[in-house]
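Subject: Structure for you to look at

Hello,

Here is the structure I said I would pass on. Please open it first, and then read the notes below it.

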Amino acid sequence: MTDYTPTTAEVREWYDTFIEERSGESGLPEFDRWLATHDAEVRADEREKAAQRLVESHWAEWDSERERETAVRIVRGGEQ
């Protein structure tokens, strides 16, 4: 086995071909929905990791618990 990794565009095309050959319909909408969901999950996970690092860091010593909670909400993508 090689170290080759297909690109997202290649996987998208392969998936579309696979679905179209079996159903006669494009697989692109389904693939694009899956990819959007996947990307949103990855972003949420990274925001959560960033928030955790923020809380654990030595410079995360704000004057009040409210300031810390506000900073964590911002990092997680919530309102300010």
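A residue counts as buried when its relative accessible area is under 20%, as exposed when that area is over 50%, and as partly exposed in between (1.4 Å probe, protein chains only). The areas come from the Shrake-Rupley method with a 1.4 Å probe, and for residues only the protein chains shown count as cover.

The model is predicted: local features need pLDDT of at least 70, side-chain atom pairs count only at pLDDT 80 or more, and totals for chains, interfaces and linings use all residues. Residues are numbered from 1 along each chain as its sequence is written, and side-chain values use heavy atoms, with hydrogens and water left out.

Overall picture

The protein chain has 3 helices and 0 strands, in the order α-α-α along the sequence. Helices (H or I, at least four residues) and strands (E, at least two) are DSSP runs, numbered from the N terminus. Of the chain's 80 residues, 12% are buried. Its accessible surface is about 6,700 Å², and carbon and sulfur atoms account for 51% of that.

Helix α1 has 16 residues, which at 1.5 Å a residue should span 22 Å; the end C-alpha atoms are 22 Å apart, in agreement. The expected span is 1.5 Å times one less than the number of residues. Just after α1, G24 has a positive phi of about 80°.

The aromatic cluster

Rings of Phe, Tyr and Trp (its six-membered ring) pair if their centres lie within 6.5 Å; planes under 30 degrees apart are stacked, over 60 edge-to-face, and the rest tilted. This rule gives 2 aromatic pairs. In one of them, Y15 and F31 are tilted, with 5.9 Å from centre to centre and 40° between the planes. Y15 is in helix α1 and F31 in helix α2, so this pair ties together parts 16 residues apart in sequence. Is F31 buried or exposed? F31 has 6% relative accessibility, so it counts as buried. Y15, at 26%, is partly exposed.

F31 also forms a tilted pair with W34, at 5.5 Å centre to centre and 45° between the planes. These two residues are 3 apart in helix α2, which means about one helical turn separates them. W34 is partly exposed, at 47%. Together, Y15, F31 and W34 make one aromatic cluster.

Salt bridges

Side chains of opposite charge can pair when their charged atoms come close. A salt bridge here is a side-chain nitrogen of Lys or Arg within 4 Å of a carboxyl oxygen of Asp or Glu. How many salt bridges does the structure hold? There are 4 salt bridges.

One of them joins D32 to R12, with the closest N and O atoms 2.8 Å apart. It links distant parts of the chain, since D32 is in helix α2 (residues 28-56) and R12 is in helix α1 (residues 8-23), 20 residues apart. D32 is partly exposed at 31%, and R12 is partly exposed at 29%.

Another joins R22 and E21 at 3.5 Å, N to O; both residues are exposed.

K49 and D45 meet in a salt bridge at 3.3 Å, N to O. Both lie in helix α2, 4 residues apart, about one turn of the helix. Salt bridges with shared partners join D45, E46 and K49 into one network.

Regards
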